[in-house]
Each structure stands twice: as structure tokens, then as C-alpha cells.
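Please look through the sequence and the structure shown here before reading on.

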Amino acid sequence: MNAMQISQAAQALYRTHGGRAEAEAAQKAREKTASGQTAEAQDWRAIQAAIRRVRGPLQK
């Protein structure tokens, strides 16, 4: 995924899941890692980081 796709996915996930979006992305990353899909897991970790940026540093 490129940076634009990651940003769009993060925003969509945040709109859909709100405060649970980061946890959802982390779960997807764990699932992909467990199934050996390392590139997809890396994408989900990047989405997780983008969600953290969208949310802001003080929100939990």
C-alpha cells in the first residue's frame, strides 16, 4: 500500500470504528502475521500508526 491508501484506510476505519479503530488494525496485523502474510501485516501496522495520528496524541 502506498501512503495515500494507508491514510484513506485509516480514516475509513476510524469513521467506522471510532475509538476501537486502532485496536481493530492491531488485531488485523496480528492475524496477518500469524498466517504468514508479512506484507499485509506491515500494511495493517502502518494503518494502525496512521489512526494514531488521526486520533491525536491525547485521545485513548
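Which residues does Glu22 touch, not counting residues up to four places away in sequence? Glu22 touches Gln48, Ile51, Arg52 and Arg55, where contact means heavy atoms within 4.5 Å. This is a predicted model, in which local features need pLDDT of at least 70, side-chain atom pairs count only at pLDDT 80 or more, and totals for chains, interfaces and linings use all residues. Residues are numbered from 1 along each chain as its sequence is written, and side-chain values use heavy atoms, with hydrogens and water left out.

Glu22 has its place in helix 2, helices being DSSP runs of H or I with at least four residues, and strands runs of E with at least two, numbered from the N terminus. With a relative accessibility of 12%, Glu22 counts as buried, a term for under 20% relative accessible area, whereas exposed means over 50% and partly exposed lies in between (1.4 Å probe, protein chains only). Its side chain makes a polar contact with the side chain of Arg52 at 2.7 Å; such a contact is a pair of N or O atoms within 3.5 Å, and within protein one must be able to donate a hydrogen and the other to accept it, while residues adjacent in sequence count only if both atoms are side-chain atoms.

Helix 3 covers residues 38–55 and includes Trp44, which is partly exposed with a relative accessible area of 22%. Trp44 and Lys28 are 16 residues apart in sequence, yet their C-alpha atoms are 6.4 Å apart in space. The buried residues of helix 3, among them Ala41, Ile47 and Gln48, pack against helix 1 (3–17) and helix 2 (21–34). Just after helix 3, Gly56 takes a positive phi of about 100°.

| Residue | Residues in contact |
|---|---|
| Trp44 | Leu13, Ala25, Lys28, Ala29 and Lys32 |
| Ala25 | Leu13, Trp44, Ile47, Gln48 and Ile51 |

Taken as a whole, the chain has three helices and zero strands, and along the sequence these follow the pattern α-α-α. Buried residues make up 25% of its 60 residues. The C-alpha atoms fill a box of roughly 35 × 20 × 20 Å, taken along the principal axes. Among contacts between residues at least 6 apart in sequence, 55% join residues at least 24 apart.
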